[in-house]
Each structure stands twice: as structure tokens, then as C-alpha cells.
Amino acid sequence: MPAKTAPPVAAAPGPAFAIPARPWRRVPLLNVWADDLTMDQLLDRLDADGGLVFTVNPDHLYHLQTNATFVSAYRAADFVTVDSQYVWWALRWQGCGVAEKVTGSDLVPAYFRRHASNPAVRIFLLGAKPGVARKAADRINAAAGRELVVGAHGPSMDFVDDPAEIESVLAMVRASGATALMVGLGAPKQEIWLARHRAALPQVRVFIGVGATIDYEAGEVRRAPVWMRKLGLEWSYRVLTEPGRYGRRYLRNARFLWWMAQDRAGQYRDPFPQAVALPRPLPGDRP
């Protein structure tokens, strides 16, 4: 009588995600982290070492609970800043706050101002609708008094899934001589694209996912008044001015408060603890 075959034993799970150590303080934020750097400290780090910057907000935190590829992109970042007053407050409530909220829409113009007269810095804008990035470039260059932005391109809607267009854009960035690339495709597209393709652009030192900032710089979309930004009410301005775009998103993204409460109570569980940093592919990930 043949011996019975033992039932297969599931492989033991690997170690949970650990935040990569850096010389500065990093605080846990659900299944990623936030870097405790002020705007000036971050700009100093970028000038010294370059790096990939993502700016985390409730929308990103929602996608980080549902999209493994997005998690892997985030884990490839060199810097993660807090891009939301509510995330900033939630971290303080947990007792691990960061000194300053650094939004993408504040970081980008700060970077422009710092390097307006620095010929070693050359910027490429990728994103927004056709023509908008070029308009933003013209306005930025006029303010800088030189060609600070050396290239601008609004890709097609299918850009991230079109290898031929991706290669064309990479060639465009290389030919421009840009040292900084700012990508505004919206999350999670821009973060995944940057994490996958930064290695193909060795001359670029600084990479930033900038969301709608290109639209702001072009004057196509107005930001909330400064007083609303200081009070953490920029989200309400967006809902009032673009309810179709932002209304449902903000309702959905409010779930991050529940996840933060779970985390404070020790009940939060990372849905993707084994996600590895891109560009290493994940099983089933699209090329």
C-alpha cells in the first residue's frame, strides 16, 4: 500500500516591512513612513544627494491599502513628505508627529526659487493636458529670468501603458539635459512610473511626483487662498470648486482616519508586508 503523501505546508511568511534607516528621523505611517524634514532640510538633502520624493496624503494612503504595486513604488522613495494637514494632525495624535507639512504644491515652487539663478539645475515637466506643461514652463522661466525649465511634455492618456511612448519620453528627457524631473500624472500612476523608470535617466538627480502642481504653475487651476491652506482647509476649497472631481474622493479617503485609529490601538495590519521596492517586478505586475 503506497505511503500517504503529506499535505503541502504553506511557506512561512517573510519578515514584515521595515522602514529603511536614514540619518534623519522617520516615523511609521500605516504601511509606509514619513520623513521628519522641514522644507529647507529637504531642499538641502536634494541639493546634496538628489533622490526620489513622494508626498503622502489621504488619497495615497487609500491606494496604499489596495494596490501592491503602489506600495512597492513608495518603498523605493528616498523621501516621503506629509502633504496633508489631516495626516500631519493624525501623526501628532499618535505621538509621532513630524515638524512640518511639506506639500508638493509648495515644494515645487520652493525648488524653482532656490535654483532660479543656478545654471547647474535644469528641470523637465512631465504631465497635465497637452500644452499645459509648456505654459507652466514659460511662466516659470519668465519668473526665473532664464531657461530653468528645459523641457515640458503633456503625454497621452495611455502613456503609462505604451512602451513606445514611454521610450520616446525618456529620450526627450535625456536630450533636454534636465537634472530634475517633475511628474504630474496623478496617483498612483506618477509614483509607479517614477519608481520604474528613474534608473533609465542617470543624469537626472531629483525626481518628484507633483500631482496637480503643473496645472497650478500654468495658472490653469487656482489654489486655495493662503489663509485656507494655513488652516488645513485646502481640501474644502477643492471640493467647492471641483465637486465632481474631488467630492467622492474625499469621502472615500476619510477612511484613513479609521486606519490610523486602528494603528494607534495596535490593530492595524499591513495588507502588503512583503511588497518589495520597484523596479523589481511583482508577480502579475504589468511590464
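1. Glu220 and Lys135 form a salt bridge, with 2.9 Å between the closest N and O atoms. Glu220 sits in the loop between helix H9 (213–218) and helix H10 (226–230), while Lys135 belongs to helix H6 (residues 132–144), so the pair ties together parts that are 85 residues apart in sequence. A salt bridge here is a side-chain nitrogen of Lys or Arg within 4 Å of a carboxyl oxygen of Asp or Glu; helices (H or I, at least four residues) and strands (E, at least two) are DSSP runs, numbered from the N terminus.

2. A word on the model: it is predicted, local features need pLDDT of at least 70, side-chain atom pairs count only at pLDDT 80 or more, and totals for chains, interfaces and linings use all residues. Residues are numbered from 1 along each chain as its sequence is written, and side-chain values use heavy atoms, leaving out hydrogens and water.

3. How many salt bridges does a search of the whole structure find? There are nine. One of them joins Arg114 to Asp47, the closest N and O atoms being 2.7 Å apart. Arg114 lies in helix H5 (residues 104–114) and Asp47 in helix H1 (residues 39–49), so this pair links parts 67 residues apart in sequence. Asp44 is linked with Asp47 and Arg114 in a network of salt bridges.
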